[in-house]
Amino acid sequence: MNKHLNELIALAKNDQTIDSYAPAIEAADKKVKKAQKKVDAVQEEIDTLTKEISQNEEKVKSFDEQLKILNEQLASNAKKAKDISTEKEMQALSLEEDIAKEKMTFANEEIERLQGINETKKELLKEAEERLQARNEELTAIAEVVNVEKAEIEQSKGELFVKREELTRNLEQKVLAFYEKIRIWAGNTAVVPVKKQACYGCYMKLNDKTYAEVIKAEEIVTCPHCGRILYIERVTPEA
Ligand SMILES: [Zn+2]
């Protein structure tokens, strides 16, 4: 068989193995991403709860201030009442007092309601914070495993790249350039076997002349349909 073809097949197989690690790396990265997403979701929950609690506290504070003002108003009304002489003034003062008391009732009810809500929210916050810690621990554990996985992959890939260098060094520049050119569009299937007289890149049937050339393997033969480099897979005869 053509020496170049043999080397090309070896190179193509080596390249296929290098590329076959891509899904594993992708899957590893995905695992970390998924765990990170879980952390982010809980963090978002915490942020929302914290914001809501602080907003409610602000509201309670403003009702407290309102209560203080209304109390002062009632006290000053009580003083004024002593100096009132007419019925009309009396009625006006009494109306003012009724309104102030109504506002106080409302403010007190709102404070109680908001504090009740915040109590629930604080419980939810505590629970979310515990969950965040657990998720963070999960993330750290997953990241550790993934880092080991990726380091192993990188090492294997490194070895394959060394092998690739050796293979390309032995290969004629022209042949290598031809292969790389096909690889641009064919990727991992730049060099494909012929089975049942068909190209295993495009699955089209080869004419007899091309098929005979592939079998002879004296030259580098390309598929007349797709342009991939073809070879016959030699089955090692059984002993
Ligand atoms: Zn083809």
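**Helices, sheet and records**

Tutor: Let us start with a crossing: H1 passes H3 in a right-handed crossing, a name used when the near helix is turned clockwise from the far one by less than a right angle, anticlockwise being left-handed. The model is predicted, with local features needing pLDDT of at least 70 and side-chain atom pairs pLDDT 80 or more, while totals for chains, interfaces and linings use all residues. Residues are numbered from 1 along each chain as its sequence is written, and side-chain values use heavy atoms, without hydrogens and water.

Student: Why are H1 and H3 called oblique to each other?

Tutor: Helix H1 (residues 3-83) and helix H3 (residues 173-186) pack at about 40 degrees, with axes 11 Å apart. Angles under 35 degrees count as roughly parallel, over 145 as roughly antiparallel, 65 to 115 as roughly perpendicular and the rest as oblique; H1 and H3 are therefore oblique. Axes are lines fitted to C-alpha atoms, for helices over the stretch in contact, and angles run from 0 to 180 degrees between N-to-C directions. Helices (H or I, at least four residues) and strands (E, at least two) are DSSP runs numbered from the N terminus.

Student: Which residues make the contact of H1 with H3?

Tutor: Contact means heavy atoms within 4.5 Å, and H1 contributes His-4, Leu-8, Leu-11, Ala-12, Asp-15 and Asp-19, while H3 contributes Val-175, Leu-176, Tyr-179 and Arg-183. By class there are six nonpolar, one polar and three charged residues, where Ala, Val, Leu, Ile, Met, Phe, Trp, Tyr, Cys and Pro count as nonpolar, Asp, Glu, Lys and Arg as charged, and the others, Gly among them, as polar.

Student: What makes H1 roughly antiparallel to H2?

Tutor: H1 and helix H2 (residues 87-170) pack at about 165 degrees, with axes 5 Å apart, and that angle makes the two roughly antiparallel. Their crossing is left-handed, and the contact residues divide into 40 nonpolar, 16 polar and 29 charged.

Student: Which strands stand at the edges of the sheet?

Tutor: Four strands form an open, mixed sheet in the order S2-S1-S4-S3. Strand S2 (198-199) and strand S3 (221-222) each have a single partner strand, so one side of each is left without a neighbour in the sheet. Two strands pair if DSSP finds at least two bridges between them; S1 (residues 191-195) and S4 (residues 229-232) pair in the parallel sense over four bridges.

Student: What does UniProt list for "coiled-coil region"?

Tutor: The unreviewed UniProt entry lists residues 25-73 and 107-145, although annotations may be inferred rather than shown by experiment. In the model, residues 25-73 are 100% helix, with end C-alpha atoms 72 Å apart, and residues 107-145 are 100% helix, with end C-alpha atoms 56 Å apart.
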